[in-house]
Structures are given as C-alpha cells and as structure tokens.
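Let's take a friendly walk through a protein model. Have the sequence and the 3D view ready.

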Amino acid sequence: MVDPALPLLQRELGVSSGEAALVSNAVLITGAAIAPVAGKLGDRYGGKRVLVRLMAVVSVGGLLAGLAPNLPVLLLGQVLQGAMVGALPLSFILVRKHLPAGESQLGIGLVMALFTGGSMVGTLTAGPIAEGLSWHWMFALPTIAIIVMSLVVARLLPHDPPIESEYRFDWPGVVLLSGTLLAFMLGLVRATGDEGLPPLAIGALAVVVAALATGWVAVERRAASPMVDLRMLAKPAMWHACLLTIVITTSFGMVSYLLPQLFGVPGDGYGFGASTTDIGLFLLPGAIAGAVSDSVGGIVARRFGLRTVLMVGAVVTAATMLALVSLHTAEWQLVLARALAAMAAGVATTALLTGATAAVETKDTGIATSMLVVTRVTGIALGAQIAAAILDADADSKTGLPAESAFVTGFAVAGLVAALSLLVVRITKKKGAHA
C-alpha cells in the first residue's frame, strides 16, 4: 500500500524523496535481518509455530504505524512490520512439508503469486483508503485483516512437528548474521540518503560489515549445528541464484520507485499530477503481471531452461528501461513498462528460487529460501535508494521536485543494471561448467 501513497506521504509528513523511500525500505531493512532467522527457526521448531508468533509482531507494528503522529513513529511501526518478510520462508517450509515432492515447486510459485497478489490488492485500495479516510487507515485496516487471518491460520493450518536435534540452536550465528545484514542495510540507506555520508564514515561502515561477516563465517565453520550450512550456501545453484537475484531486483526496485514518483509529479510540467488512487490504478496491471509471473516462474524454467528465462527477462527489462528514457510522456507508456518489468523480474526470481530449493535437502528449505528472500529484498531496497538518490541530486531547491532529466538518468541506470544480469548469467554458466 505504501508505494502508490509515497507522494501523498511526502506531502502529509513534509519529507523528501529520500525520506519517503525510507518509509517503504524500513520494512525491507528489518525483513533482510528477520528472514534467515525466521527460516532457521521454522526449520527447527516448525513453520506454523513460528509463523503465528511472527504475525503477532507484524500486528503490533501495523497498529503503531496506524496511530503514528509523525515520521519517526511511522518508521518504528514499519520496522516491526518488516517481520512479515519472514512469512515467505516459513510458508515455503509448510508447502514442502505438506505437499508431495512433485507439487512443491508449483506450491512455492503459488505462494509467491499470492504474496505479490496481496501487493496488488494494496496497490488498488491504498488511494481510496488514504483519500477517503486518511493515510493512517492505510496501515490500520490491513493490520486488522492480519490479526483475523493469523487466528484462522492458528486454528486450521496443520501442525508441522519440530526437528529433533542433539545440538543447541546456533544463537551466535543468528546474532552475527542479523547484525551483518542490519549494518549493511542501514549503511545503504544512510549512504544514499539526502545528506549522504562522508567517505570516512562509509569506509568505517564497510569495515564493520566486513568484520561482522568474517566473524559469522568463523562461527558457522566451527558450529556443530550452524545456522547456515556454508557447504549448502556454496552450492552453485545457491550462490548463482543469490547473485542473479540481487542484480535483477536492484533494477526492478529502481523502476518500482521511479514510476509512482513520476505519476505524482504535478501535471503542469512533465508529470501527470496523479492522485494516490490514480497511481494505484496505474500500477495495478504491473501487480497483476507480477502475480501471474511469480506463479509460473518454476514451470517456465522447467520447460525452457533457467538460463533462457534469465536471458529473456534481462533483455526485456533492459529494453523497456532504455525505451523509457525517451518514451515517458503518456500514462500508458509507464503502465506498460511497469507490467513488462514486473513480469520479467517475477519469472526470473521465482525460477531461481524454485531451482535453488530443489537443490537443497528438505530440512534446509527454510534457511535456503530465506537467504534468497534476503537477496530479493536487499536488491529492491538498493534499487529504491539509488533511484531516490538520483531524484534528490537533481531536485529544485525551492519546490523539492526532481527535474525530468533525473528520471531519464534513473531509467538509463535501471536498464544498465538489468543488462548486467546478462553478464552475470554468462559468468555463472562458465563457473558451473568448471565446477
């Protein structure tokens, strides 16, 4: 619901483009840290048990955001709501435990489609709720639905028994991995924010992230039952999928941020002056395309081959973004571009997810898929923050509105990032051949 309402939130809260991007990225920051923890806890203690408790945290965050009087409180609510990202790996655990092996890939695709379908509903209803009631209800109403559905899940979903283990849970690994991801995401947001960070501070953050990551690897190598089996992570199917996912989603994250901003720019210049409701309607075809492509990603990859799917998706996205450099004067051009980008990204990332899931043991489903979820949300956050930084760098000092050239630059960069995935596909193919 947040994406189409970003221009409205900027006006209501009196914040810049970079601060508005932080409202949506706060969910991703927390999600990146929570997803692997939720996945590992689900592998160990049962997906349903962890899922219900996770939704309680999300509900508290939603209520806090719904009552927020200012930006800091809204951000705190969004941070707590970020726990919802952990629902994805937990859902994958339940799918793989309760469905026959032959149906699990279809089930995972369906879960991804429903996750995207939820965003479609949010995109469509954000405007009427925010404009008819207030932006506070944009957070409150979905939270009420989450509370109700969590009670339904707790009562009706079959239990999945925990996995017996003679080893203790790897809490040091949890803390170090979460700290690494949290430091990286916060550093990313600060470095690309309105005021940026001096080179010395960026260097210090890089050292902190590297130190935490090194400590995590050292702990995992010695742990009897590590949070992440590094041998599993080193499998070509896993690290290839992580690398490609972050490149693909970075490009898509830029598109997802730039288009609502362009729709919301006043129509007396180069923009369209669209309301929140109109922006939601403009983004709806893209949300539908994303939901459909998420549901069939695994099937398409099995039919045509993963490499073919990835290359076609990269070409479509790059061509679409480069076309937007000169063709962004009509609403239908932006609507079509959003749909094509969502379809390409959805098919590619779901194909990578299902392929990686098939390459690991059932007991590692949660942690393996959560690592891919982390790379997905990291890429989207990275793309959104890069796009926000590009707009802020070329904004009018009086009105705060970005120049048209800033959007042109953003589209060009998004296209180049998408084209980069072609190079990554080629490199990973050679690595796989040598392996």
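## How two helices cross

A crossing is left-handed if the near helix is turned anticlockwise from the far one by less than a right angle, and right-handed if clockwise. Helices are DSSP runs of H or I with at least four residues, numbered from the N terminus. In this predicted model, local features need pLDDT of at least 70 and side-chain atom pairs count only at pLDDT 80 or more, while totals for chains, interfaces and linings use all residues. Residues are numbered from 1 along each chain as its sequence is written, and side-chain values use heavy atoms, leaving out hydrogens and water.

Now look at α5, which passes α15 in a right-handed crossing. The contact (heavy atoms within 4.5 Å) joins L88, P89, F92, I93 and R96 of α5 to T365, G366, T369, S370 and V373 of α15.

## An aromatic pair

Rings of Phe, Tyr and Trp (its six-membered ring) pair if their centres lie within 6.5 Å; planes under 30 degrees apart count as stacked, over 60 as edge-to-face and the rest as tilted. The whole structure has 3 aromatic pairs. For W135 and F139, the ring centres are 6.2 Å apart and the planes stand at 90°, so this pair is edge-to-face. Because W135 and F139 lie 4 residues apart in helix α7 (residues 135-156), about one helical turn separates them.

Definitions and conventions
Helices (H or I, at least four residues) and strands (E, at least two) are DSSP runs, numbered from the N terminus.
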